[in-house]
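User: Please examine one part of this model closely and describe its surroundings, with the cut-offs behind each term.

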Amino acid sequence: MAKSGELTYLSAMGERGKSHAFNKPFSDHQAGRLFIDLGMIRNLLPAPPARLLDLGCGTGWTSCFFALMGYEVVGQDIAPDMIELADANKDRYNAKSVSFIVSDYESLDFQEEFDAACFYDSLHHAEDERLALEAVFKALKPGGVLLAHEPGDGHSVAEHSVRAMENFDVTEKDMPPYHIMHLATEIGFSSGRYFPFPSDVVKCLELERERPLATKGAPSQGWMSQVQSRLSRTWIRMKQRRRINRLMNKTARAGGITLLTK
């Protein structure tokens, strides 16, 4: 797939798509998931103040949010029109500690300048993810961390991915944690871990969506009811634990957040 598709992606979406991209995360029907993702990424990053490289930042909403959290951020994207909107977002959010650059993340020339870097749903658009990871490795200071929130096996053949490739000529790849970690080991990262998508963890815990609230003045439960209630809570916790274990076991291939340390 040609990188020209990435350069024309925003204009090809039309005014409605452009407005949606500019107003993310609030404009997205999965806004709740985006907020959960960003919260998890923030908890895995080194604490601010730190210098952060936000790769494939698009309209810059993630970069602005990181800046408002106290990071000094450089947001990068290959498309000039995306960076124009990113600069507009910077002004809108008064995110003073963020700057934006137009560049290809496969050929960055930073040398040990950043404490952390982040691919948020952007590495799977790379033509050569090894080059991208090598460039980030060079950009990180010793001990710096890279977080990659990326889809897993099957993403490239999913209906929405095929449609994006056909309509916009963009790259859509499977980018599971096991693949990222394999490349990272060869490049020289010292360690790596992976975590499930935060929204998948939430789904695992949502076993009882509606639970009755305690009513003030209600008669106290008898001992049998109390035992049954405790057994029910224990069963729920056991079921949640089994679901989390299954989720962890499949994350390496299904996609998630990969945390790498230089």
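**A buried aspartate and its sheet**

The side chains of Asp-54 and Thr-62 are joined by a polar contact of 2.6 Å (a pair of N or O atoms within 3.5 Å; within protein, one must be able to donate a hydrogen and the other to accept it, and residues adjacent in sequence count only if both atoms are side-chain atoms). This is a predicted model, in which local features need pLDDT of at least 70 and side-chain atom pairs count only at pLDDT 80 or more, while totals for chains, interfaces and linings use all residues. Residues are numbered from 1 along each chain as its sequence is written, and side-chain values use heavy atoms, with hydrogens and water left out.

Asp-54 lies in strand β1, residues 51-55 (strands are DSSP runs of E, at least two residues, and helices runs of H or I, at least four, numbered from the N terminus). Asp-54 is buried (under 20% relative accessible area, 1.4 Å probe, protein chains only). Asp-54 has no salt bridge (a side-chain nitrogen of Lys or Arg within 4 Å of a carboxyl oxygen of Asp or Glu). Lys-24, the nearest side chain of opposite charge, is 11 Å away (Lys and Arg count as positive, Asp and Glu as negative; His and the chain ends are not counted). Beyond its neighbours within four places in sequence, Asp-54 is in contact with residues including Phe-66, Val-73 and Cys-118 (heavy atoms within 4.5 Å).

The open sheet has seven strands in the order β3-β2-β1-β4-β5-β7-β6, with mixed pairing (two strands pair if DSSP finds at least two bridges between them). Its edge strands, β3 (98-102) and β6 (191-195), each pair on one side only.

Technical notes
Buried means under 20% relative accessible area, exposed over 50%, partly exposed in between (1.4 Å probe, protein chains only).
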